[in-house]
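User: I would like to go through this structure step by step. Please show it first, and then I will ask about its parts.

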Amino acid sequence: MLKPKALAKVLDQANTSGVRNTVLLNNEGSLLAFAGEEDGDVKVRAAIASSIWMTYDKCGKQFSPVSQQTQIILPCADGCVIISKVPCGLLCLFANKGVGPGMLRFKANKLAEYLEEPLKQLTT
């Protein structure tokens with residue numbers, strides 16, 4: 001069983017070198033856990049990221065039913081965001097402009113890999 005404080009500490013480990021926020025969402029887009037700067041827009045950003053993922057996933061399945069997209073990186077006005085599919089929903093990392101997409105992808109992949117087994121337990 002995941003403990004909320006422990007989960008927040010794990011998510012916070014990704015918040016270095018320009019990564020501002022790390023967010024874990026369920027499949028409906030509701031906030032499960034958050035770590036990073038308290039800016040008041042976290043729930044809004046999470047909802048937007050979830051909506052983008054659902055639209056992207058729906059369109060992707062129309063064109064290629066066998067394709068299983070697991071990540072997307074999107075440029076934003078104040079940086080970029082990576083949205084990764086994880087067992088219980090989505091993992092989002094919000095970063096400043098100076099963070100390269102390779103480093104952002106690396107952090108998201110390592111965090112998703114670390115959380116994979118505990119998150120699978122939540123879905124069963």
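Predicted model: local features only at pLDDT ≥ 70, side-chain atom pairs only at ≥ 80, totals over all residues.

User: Which element gives the most residues to the lining of the largest pocket?

Analyst: The lining of the largest pocket has 15 residues, and Arg45, Ile48, Cys76, Val81 and Phe94 lie nearest the centre. Elements that give two or more residues to this lining are helix H2 (42-63), strand E3 (71-76), strand E4 (79-86) and strand E5 (89-95). The most, five residues, come from H2.

User: How many residues in the lining of the largest pocket are charged?

Analyst: The lining has 11 nonpolar residues and no polar ones. The number of charged residues in the lining is four.

User: Which element gives the most residues to the largest nonpolar core?

Analyst: The largest nonpolar core has 22 residues, and Leu11, Leu24, Leu91, Leu93, Leu104, Leu111 and Leu115 touch the most other members. Helix H1 (4-12), strand E1 (19-26), strand E2 (31-36), E4, E5 and helix H3 (101-123) each give two or more residues to this core. The element that gives the most, with six residues, is H3.

User: Which residues does Leu115 touch, not counting residues up to four places away in sequence?

Analyst: Leu115 is among the residues that touch the most other members of the largest nonpolar core. Not counting residues up to four places away in sequence, Leu115 touches Leu7, Val10 and Leu11.

User: Is the aromatic pair of Trp53 and Tyr56 stacked, edge-to-face or tilted?

Analyst: The structure holds one aromatic pair. A pair of aromatic rings is described by the distance of the centres and the angle of the planes. For Trp53 and Tyr56 the centres are 6.4 Å apart and the planes are at 45°. Planes under 30 degrees apart count as stacked and over 60 as edge-to-face, so with 45° this pair is tilted.

User: Is Ser50 buried or exposed?

Analyst: Ser50 is also found in helix H2. Leaving aside neighbours within four places in sequence, Ser50 is in contact with Leu25, Glu28, Gly29 and Leu90. Its relative accessibility is 3%, so Ser50 counts as buried.

User: What value is phi of Ser17 near?

Analyst: Ser17 is in the loop between H1 and E1, and it is exposed, with a relative accessible area of 64%. Most residues other than glycine have a negative phi. Ser17 is a residue other than glycine with a positive phi, near 50°.

User: How far apart in space are Arg20 and Phe94, C-alpha to C-alpha?

Analyst: Arg20 lies in strand E1 and counts as buried at 10% relative accessibility. Phe94 is among the residues that Arg20 touches, as are Arg45 and Asp78. Arg20 and Phe94 are 74 residues apart in sequence, while their C-alpha distance in space is 5.7 Å.

User: What is the relative accessible area of Ala95?

Analyst: Ala95 is found in strand E5. Not counting residues up to four places away in sequence, Ala95 touches Gly18, Val19, Arg20, Asp78, Gly79, Cys80 and Leu104. Ala95 is buried, with a relative accessible area of 0%.

User: How far apart in space are Ala14 and Lys107, C-alpha to C-alpha?

Analyst: Ala14 is in the loop between H1 and E1 and counts as buried at 7% relative accessibility. Its contacts, leaving aside neighbours within four places in sequence, are Val19, Thr22, Leu93, Lys107 and Leu111. Ala14 and Lys107 are 93 residues apart in sequence, and their C-alpha distance is 6.3 Å.

How values were computed:
Residues numbered from 1 in each chain as written. Heavy atoms only, no water. 1 Å grid on protein atoms, 1.4 Å probe; cavity = no way out; pocket = protein on both sides within 12 Å on 5 of 7 lines; lining within 4 Å. Helix = DSSP H or I, 4+ residues; strand = E, 2+ residues; numbered from the N terminus. Nonpolar A, V, L, I, M, F, W, Y, C, P; charged D, E, K, R; others polar. Core = buried A, V, L, I, M, F, W, Y, C linked by side-chain atoms within 4.5 Å. Buried < 20%, exposed > 50% of the residue type's maximum accessible area, 1.4 Å probe, protein only. Contact = heavy atoms within 4.5 Å. Phe/Tyr/Trp six-rings, centres within 6.5 Å; stacked < 30°, edge-to-face > 60°.
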